Amino acid sequence: MEICCRKLMLMLFLALFTVIFTVVLPLHWMRSTTAVVEPSFNSVSFHDLLTNVYGAENDHIFAVQPAGRHSNSTGPREVRKVKNREEKREEGLARARSSIRKVALGDHRSNLTPSTPHHDGYIPAGAVYHNPRLFYQSYLEMEKIFKVYVYPDGDLPIVHDGPCKDIYSIEGRFLHEMEHGVGKFRTNDPNAAHVYFLPFSVTWMVKYLYTPSSYDITPLKHFVSDYVKVISMRYPFWNRTRGADHFMLACHDWGPHASKGNPFLYNNSIRVLCNANTSEGFNPLKDVSLPEIHLFGGEVSPKLLSPPPDNAPRRYLAFFAGGMHGPIRPILLHHWRNRDSDFRVYEYLPKGVDYYSLMLNSKFCLCPSGHEVASPRIVESIYAECVPVILSDYYVLPFSDVLRWEAFSVQVDVSDIPRLKEVLSAIPESKYRNLKQGVRAVRKHFTLNQPAKRFDVFHMILHSIWLRRLNIKLG
């Protein structure tokens with residue numbers, strides 16, 4: 001009887017031992033290598049972003065370290081750890097964090113040497129940046145190591161193509177530059193990538209999948225769901241991080257809604273969106289605000305390529321022309337439409353009046369939101385060197401983790417629209433001149449070049465994605 005009891009206890013012990021080592025510990029290791037997004041920075045302050053992310057508590061290397069990565073290479077006494085490519089990649093990011101952190105902490109001995117031999121001589125400086133040295137160091141680190149893998153899966157026209165000649169042109173132009181440009185950021189080796197691009201076009205989904213006037217965007221969600229399902233089954237990268245190091249880019253108003261086709265894409269992934277509305281789920285801790293650029297025929301209007309000289313007079317205090325849609329424009333048009341010769345506000349331009357000529361002849365250009373928060377007028381105003389006046393609620397402005405929008409624009413509460421002329425007239429001439437100089441200083445960051453050039457809008461978008469990737473810990 002005693003022997004039987006001992007045998008039973010031994011069997012129970014062995015069973016418990018097996019459960020621990022075959023179920024409990026593997027689950028623990030799996031959880032320990034899941035990506036998490038650390039929401040540790042402010043949506044508008046690049047300085048706060050980096051000093052929070054790269055503080056002393058983050059001095060270690062955030063590397064993926066699955067079990068079983070050790071090997072005996074030359075004999076039983078010479079055991080060494082072989083770093084896999086994931087570990088090397090994460091260590092490279094850790095070095096970039098450390099380099100940026102030194103600048104954030106005021107170490108002026110940091111090496112601000114450009115990594116490219118074709119340096120254009122541009123070094124960020126001035127009041128338009130939260131911290132120009134910090135931005136420059138981060139940009140240089142991005143140029144050194146940042147790699148993007150573009151998934152090859154999917155067919156034209158909805159995947160690997162996008163609009164290049166309309167209000168959503170930035171969607172297609174970024175995609176084409178990423179896939180066909182001569183830049184060094186794309187890699188064909190997915191194991192070398194820091195981020196993974198889902199190259200579908202929401203604008204083309206709307207064109208080819210949406211039934212006009214149905215207001216049923218279910219087909220868009222289904223397409224996104226199916227695409228994520230395909231790449232998650234064919235490749236290990238999505239499942240490894242639950243999409244946290246993946247990004248999509250969409251300028252169409254329905255981009256955020258399409259992203260709901262997969263809950264991890266919506267909640268974990270980096271969503272680069274023109275419709276950067278915090279009241280509708282846009283999260284500046286992980287998402288990127290995309291500038292909306294309207295290209296008629298695929299090109300910027302020649303009138304905006306060469307704005308008047310700085311000393312040329314501007315006849316009008318402010319200008320706006322646009323349809324009455326969304327919650328803000330009706331208020332603007334109600335109070336100011338055709339009311340003041342110095343305050344040119346129209347729903348429809350009079351016959352023979354040129355839109356861009358009025359921009360170029362106005363000191364301030366009014367940029368109210370329409371159905372959605374973004375407006376192409378903001379970038380058009382910058383091109384025209386007409387100080388943008390932002391009239392919007394819940395809008396995260398593009399590149400606001402780097403740029404100080406208050407240095408080159410005026411933001412007015414919607415409640416102050418009835419006294420808008422009073423607000424703008426009260427701005428001293430000296431401040432207006434500074435704002436206009438700021439507009440001129442940031443123009444290069446909103447310019448589309450083909451091929452892309454350093455610090456232009458393509459590279460600023462990449463830098464915004466780079467910042468979010470730096471803030472992801474794998475491990």
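User: I am new to this structure, so let us start with one residue. Which residues does arginine 377 touch, not counting residues up to four places away in sequence?

Analyst: The model is a predicted one. Leaving out residues up to four places away in sequence, arginine 377 touches Phe320, Ala321, Gly322, Arg329, Tyr355, Met359, Leu366 and Cys367. Keep Tyr355 and Cys367 in mind, as we will come back to both.

User: Where is arginine 377 placed?

Analyst: Look for helix 14, which covers residues 377-383. Arginine 377 is part of that helix.

User: What is the nearest side chain of opposite charge to arginine 377, and how far away is it?

Analyst: To read this, compare the distance with the cut-off: a salt bridge needs a side-chain nitrogen of Lys or Arg within 4 Å of a carboxyl oxygen of Asp or Glu. Glutamate 380 is the nearest side chain of opposite charge, at 5.6 Å. Arginine 377 therefore has no salt bridge, although it is buried.

User: Which side chain makes a polar contact with the side chain of arginine 377?

Analyst: That partner is tyrosine 355, with the two side chains 3.4 Å apart in a polar contact.

User: How many salt bridges does a search of the whole structure find?

Analyst: The search finds 23. When you read one, ask for the partners, the distance and the places in the chain. Take lysine 363 and glutamate 429, whose side chains meet at 3.3 Å, N to O. Lysine 363 sits in strand 11 (residues 362-368) and glutamate 429 in helix 16 (residues 429-442), so to speak a link between distant parts of the chain, 66 residues apart. Glutamate 429 counts as partly exposed because its relative accessibility is 41%.

User: Which residues form salt bridges with arginine 419?

Analyst: Aspartate 416 is one of them, with the closest N and O atoms 3.5 Å apart. Glutamate 422 is another, and there the closest N and O atoms are 3.4 Å apart. Shared partners also build a network elsewhere: Asp310, Lys363, Glu385, Glu429, Arg433, Lys436 and Arg440 are joined by salt bridges.

User: How many disulfides does the structure hold, and which cysteines form them?

Analyst: There are 2. Cysteine 251 is bonded to cysteine 274, with sulfur atoms 2.1 Å apart. This pair links the loop between strand 6 and helix 9 to the loop between strand 7 and strand 8, 23 residues apart. The other disulfide joins cysteine 365 to cysteine 386, also at 2.1 Å from S to S. Cysteine 365 lies in strand 11 and cysteine 386 in the loop between helix 14 and strand 12, so this pair ties together parts 21 residues apart in sequence.

User: Is each disulfide left-handed or right-handed?

Analyst: Read the torsion about the S-S bond. For cysteine 251 and cysteine 274 it is about -90 degrees, so that disulfide is left-handed. For cysteine 365 and cysteine 386 the value is 110 degrees, and the link is right-handed.

Terms used. Residues are numbered from 1 along each chain as its sequence is written. This is a predicted model: local features need pLDDT of at least 70, side-chain atom pairs count only at pLDDT 80 or more; totals for chains, interfaces and linings use all residues. Side-chain values use heavy atoms; hydrogens and water are left out. Helices (H or I, at least four residues) and strands (E, at least two) are DSSP runs, numbered from the N terminus. Buried means under 20% relative accessible area, exposed over 50%, partly exposed in between (1.4 Å probe, protein chains only). Lys and Arg count as positive and Asp and Glu as negative; His and the chain ends are not counted. A polar contact is a pair of N or O atoms within 3.5 Å; within protein, one must be able to donate a hydrogen and the other to accept it, and residues adjacent in sequence count only if both atoms are side-chain atoms. Contact means heavy atoms within 4.5 Å. A disulfide is a pair of cysteine sulfur atoms within 2.5 Å.
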